[in-house]
Amino acid sequence: MLSEEEKEELKAELVQLEDEITTLRQVLSAKERHLVEIKQKLGMNLMNELKQNFSKSWHDMQTTPAYKKTHETLSHAGQKATAAFSNVGTAISKKFGDMRRK
(Lines give C-alpha, C1' and ligand atoms only; values in the text may rest on other atoms or scores of the structure.)
Protein backbone atom coordinates (compact mmCIF):
# COMPACT_ATOMS: atom_id res chain seq x y z
CA MET A 1 0.00 0.00 0.00
CA LEU A 2 1.11 3.51 -0.76
CA SER A 3 0.90 6.33 1.71
CA GLU A 4 -1.03 9.46 0.80
CA GLU A 5 2.25 11.32 0.41
CA GLU A 6 3.59 8.70 -2.04
CA LYS A 7 0.33 8.81 -4.01
CA GLU A 8 0.55 12.58 -4.28
CA GLU A 9 4.18 12.37 -5.45
CA LEU A 10 3.26 9.79 -8.09
CA LYS A 11 0.32 11.90 -9.28
CA ALA A 12 2.60 14.92 -9.60
CA GLU A 13 5.16 12.83 -11.50
CA LEU A 14 2.38 11.53 -13.76
CA VAL A 15 1.23 15.06 -14.59
CA GLN A 16 4.82 16.10 -15.29
CA LEU A 17 5.39 13.11 -17.59
CA GLU A 18 2.17 13.79 -19.47
CA ASP A 19 3.23 17.42 -19.96
CA GLU A 20 6.66 16.34 -21.21
CA ILE A 21 5.09 13.88 -23.64
CA THR A 22 2.77 16.59 -24.96
CA THR A 23 5.73 18.93 -25.43
CA LEU A 24 7.74 16.25 -27.22
CA ARG A 25 4.81 15.53 -29.56
CA GLN A 26 4.54 19.23 -30.38
CA VAL A 27 8.29 19.47 -31.07
CA LEU A 28 8.17 16.34 -33.24
CA SER A 29 5.20 17.69 -35.18
CA ALA A 30 7.01 20.99 -35.81
CA LYS A 31 10.13 19.13 -36.98
CA GLU A 32 8.06 16.95 -39.32
CA ARG A 33 6.48 20.06 -40.87
CA HIS A 34 9.92 21.60 -41.28
CA LEU A 35 11.14 18.37 -42.92
CA VAL A 36 8.26 18.50 -45.42
CA GLU A 37 9.05 22.13 -46.22
CA ILE A 38 12.72 21.35 -46.87
CA LYS A 39 11.82 18.38 -49.08
CA GLN A 40 9.41 20.55 -51.07
CA LYS A 41 12.10 23.20 -51.56
CA LEU A 42 14.48 20.49 -52.78
CA GLY A 43 11.85 19.15 -55.17
CA MET A 44 11.57 15.86 -53.33
CA ASN A 45 8.16 14.26 -53.25
CA LEU A 46 6.68 10.93 -52.24
CA MET A 47 7.06 9.40 -55.71
CA ASN A 48 10.74 10.33 -55.90
CA GLU A 49 11.33 8.91 -52.44
CA LEU A 50 9.55 5.69 -53.35
CA LYS A 51 11.66 5.38 -56.50
CA GLN A 52 14.85 5.97 -54.54
CA ASN A 53 13.84 3.49 -51.85
CA PHE A 54 12.90 0.89 -54.46
CA SER A 55 16.17 1.38 -56.34
CA LYS A 56 18.19 1.09 -53.16
CA SER A 57 16.26 -2.00 -52.01
CA TRP A 58 16.67 -3.62 -55.44
CA HIS A 59 20.39 -2.91 -55.40
CA ASP A 60 20.74 -4.21 -51.84
CA MET A 61 18.88 -7.39 -52.76
CA GLN A 62 21.04 -7.95 -55.85
CA THR A 63 24.20 -7.82 -53.76
CA THR A 64 23.10 -10.55 -51.35
CA PRO A 65 24.84 -13.92 -51.64
CA ALA A 66 21.48 -15.70 -51.99
CA TYR A 67 20.49 -13.56 -54.99
CA LYS A 68 23.88 -14.00 -56.64
CA LYS A 69 23.74 -17.78 -56.21
CA THR A 70 20.16 -17.96 -57.49
CA HIS A 71 21.04 -15.75 -60.45
CA GLU A 72 24.03 -17.94 -61.33
CA THR A 73 21.96 -21.12 -61.00
CA LEU A 74 19.10 -19.81 -63.14
CA SER A 75 21.52 -18.43 -65.70
CA HIS A 76 23.25 -21.80 -65.94
CA ALA A 77 19.87 -23.58 -66.18
CA GLY A 78 18.81 -21.18 -68.92
CA GLN A 79 21.96 -21.89 -70.90
CA LYS A 80 21.39 -25.64 -70.58
CA ALA A 81 17.73 -25.26 -71.62
CA THR A 82 18.75 -23.18 -74.63
CA ALA A 83 21.26 -25.81 -75.65
CA ALA A 84 18.68 -28.58 -75.17
CA PHE A 85 16.08 -26.77 -77.29
CA SER A 86 18.69 -26.16 -79.93
CA ASN A 87 19.56 -29.85 -80.00
CA VAL A 88 15.88 -30.80 -80.23
CA GLY A 89 15.40 -28.32 -83.07
CA THR A 90 18.41 -29.71 -84.90
CA ALA A 91 17.17 -33.28 -84.43
CA ILE A 92 13.70 -32.39 -85.72
CA SER A 93 15.16 -30.57 -88.72
CA LYS A 94 17.36 -33.58 -89.49
CA LYS A 95 14.39 -35.95 -89.18
CA PHE A 96 12.31 -33.82 -91.59
CA GLY A 97 15.26 -33.71 -93.96
CA ASP A 98 15.57 -37.49 -93.83
CA MET A 99 11.81 -37.89 -94.42
CA ARG A 100 11.93 -35.62 -97.49
CA ARG A 101 14.71 -37.62 -99.04
CA LYS A 102 12.79 -40.90 -98.77
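UniProt positions are given here in the numbering used for this structure, with feature names shortened, and its annotations may be inferred rather than shown by experiment. With that in mind, an unreviewed UniProt entry lists residues 7-34 as "coiled-coil region". In this predicted model, local features need pLDDT of at least 70, side-chain atom pairs count only at pLDDT 80 or more, and totals for chains, interfaces and linings use all residues. Residues are numbered from 1 along each chain as its sequence is written, and side-chain values use heavy atoms, leaving out hydrogens and water.

Let's start with the overall plan. The chain holds three helices and zero strands (DSSP runs numbered from the N terminus: H or I of at least four residues for helices, E of at least two for strands). Reading along the sequence gives the pattern α-α-α. The radius of gyration, taken over C-alpha atoms, is 34 Å, well over the 13 Å that the globule rule gives for 102 residues, so the chain is more spread out than a compact globule; that rule is 2.2 Å times the number of residues to the power 0.38. Along its principal axes, the C-alpha trace spans about 110 × 50 × 20 Å.

Now back to the stretch from the UniProt record. Residues 7-34 are 100% helix and 0% strand, with their end C-alpha atoms 41 Å apart.

How confident is the predictor? Its confidence in each residue, pLDDT, runs from 0 to 100. The chain's mean is 90, and 99% of its residues reach 70 or more. Confidence is highest in helix 1 (residues 4-41), at a mean of 96, and lowest in helix 2 (residues 46-62), at 86.

Methods:
pLDDT = per-residue confidence, 0-100.
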